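Try each one before reading its solution.

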Amino acid sequence: MTSSSADANTNTDYPIDPPITDLPIDTHDRGFYDGFSREVTIPGKIIVSLIIMWAIFFPVRAMETLQVANSTIIASFSGWYVYLVASLIVVCGALALFPQSGRLRIGAPDEKPEFSRFSWFSMLFGAGIGIGMLTYSTGEPLAHFASSPEIIRGQVEAASPEAVRSAFKWTFLHWGFGAWCTYALVGLAIGYVAHRRGLPLTIRSSLAPLFGERMSGISGHLVDIVAVVATILGVAVTMGLGVQQFVAGLHRIGFGDWLMVADGEGTLTASAAAIVVALVLLVGASTLSALSGVGRGIKWLSNINMGLSFALLALFAVMGSGLYGLKLLGVGIWDYIVTLPANSLTLFTSDGSEAGDALVQWQLDWTVFYWAWWIAFAPFVGMFIARISRGRTIREYVFGVALVPALMCFLWMGLAGGTAIQLELSGAAGGEILNTGISDQLYATLAVLLTPEVAWVVSGLVVVLLMTYLITSVDSAILIVNTINGAGEEEGSRRYHILFWGTALAFVVGSMLILGGIDAIRITMIIGALPFSFVVVAMCVSIIKAVVFDLIRKRHGVPSTAEACEEWGKEATAS
């Protein structure tokens, strides 16, 4: 609470105090850490550095530990992730649909949005989709087409026409409200107190309604440290998927057989040398983009991303199975909505049978992985969404963040995934798409769909699109990490720290991919996301308290915004 708010309530009899409108966070004022909170920056760097050294210097022990963790820690907390994400969907829906809370504005009561709806939706689309869409738009529908809970139970035959409908039901579950309500909740918890109450735009501020000025001290430092580590690991998964698909694309367009090697199951995967070369190229470009600043770096790359993305989507709509994809889109959305409550709350348990064990493993490999990924990615995406959503009502914010990007994901999955499945069902693919690795399935689909010359050109465009998505994602992640370390101030993003985080991210991705492939990054991320999942619970309680208390303040004429609190303090002092 500011001194003005405190003084005001000393001389008046109100049932509730004004909110805290000041949360001081100590930052260093000179030297290497000028503008940064050393209590957050240094521990974050140490933790990430230890993860890197552990993977590089003790690879055998690291892999053994990850395998044990995969069968113990992750399995033990699978229910936690499932029920947490289901709760976030309910809370977001309640805040948006309840009339009084839905009308509250993220900012001053009469404040207008900073961006037009079109610009806002465009930025939302790029914030949390990008690389994942390119990898999973064909990869996930095909995976569930070959193995899903219905197939495991023997209800439908794998890779049959009957397996298509359930494939898209589960795909939409993973890319729908679960993902976007997680982002929306985190972004709302941050943006509400930052834009409405004038608190720093950082993770700890979101918990100020719950814990007050204690967030200025050690508790706040711990929250920001956990957010930094979760962000690095969440982005590492995205980058790991992108690097593998980037290398697969280079191999497709003829950059050499040295790029790919066969794994234990005979599937081609990126070689260690290719991973190193790709990381040097991509992280180097990302770091240069971050050093150049948002205006010259992220903005023009984002424009390229949008143009190429819609061009690729249009190609699948016109040249691919457009009508079939739209049919799958409609049926898939219906099935998703009808089964959302049950599927969001379903936790598979083993009954000792082979099918029961397979169901549990399927949920760990897909649903639990996704929920942990979205939670680990939430500090990054949530802070970005909070930054661009000032001036919108809670209802508009939740519907915009949860509905529009989810529908875009569904459209991508329907057109690209539907085309790949139709090519397999018709026999045109002959297993060439289904039997290749997930990183190569988009290129395999293009190879079957188009003539060799056109497929080469389009695959080259996909490689360029992947490269720009990777660069903008890593660029943005580095800047977000530095914003958290700088107590919400972007001015704290000094070049030496940008270089450190860019290099650290490259080492995390490279060491884990070489150690155990994408599975090693996935397991590390799920464990790393666990501490931040508890922060998300606290953020959920905090935003509910902030909204409810602001509605009470509104009823009793107590100010709830930074500007109103300042005016009230002045009036109380004058009287």
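**Exercise 1.** Work out how far the pLDDT lets you trust this predicted model.

*Solution.* Start with the overall score: this is a predicted model, and the protein averages a pLDDT of 88, with 93% of the residues at 70 or above.

**Exercise 2.** Find out how the buried residues of helix 2 are arranged, and what covers them.

*Solution.* First, the geometry: helix 2 runs over residues 38-57 and spans 27 Å between its first and last C-alpha, close to the expected 28 Å. Second, list the buried residues, which are Val 40, Thr 41, Gly 44, Lys 45, Val 48, Ile 51, Ile 52 and Ala 55. Third, they take up an arc of only 125 degrees around the axis, so they sit on the same side of helix 2. Finally, look at the cover, which includes helix 3, helix 13, helix 20 and helix 21.

**Exercise 3.** Pick out the residues that touch the most other members of the largest nonpolar core.

*Solution.* That core has 182 residues, and the ones to pick are Trp 373, Met 525 and Phe 532. Helix 21 supplies the largest share of the core, 28 residues. Now zoom in on Phe 532: its contacts beyond four places in sequence include Ile 203, Val 226, Ile 375, Pro 379 and Met 539.

**Exercise 4.** Decide whether Cys 409 is in a disulfide, and whether Cys 409 is buried or exposed.

*Solution.* Searching the whole structure turns up 0 disulfides. Cys 409 is in none, as the nearest cysteine sulfur, in Cys 181, is 13 Å away. With a relative accessible area of 0%, Cys 409 is buried.

Definitions and conventions
Residues numbered from 1 in each chain as written. Predicted model: local features only at pLDDT ≥ 70, side-chain atom pairs only at ≥ 80, totals over all residues. Heavy atoms only, no water. pLDDT = per-residue confidence, 0-100. Helix = DSSP H or I, 4+ residues; strand = E, 2+ residues; numbered from the N terminus. Expected span 1.5 Å × (residues − 1). Buried < 20%, exposed > 50% of the residue type's maximum accessible area, 1.4 Å probe, protein only. Arc of directions from axis to C-beta. Contact = heavy atoms within 4.5 Å. Core = buried A, V, L, I, M, F, W, Y, C linked by side-chain atoms within 4.5 Å. Disulfide = S-S within 2.5 Å.
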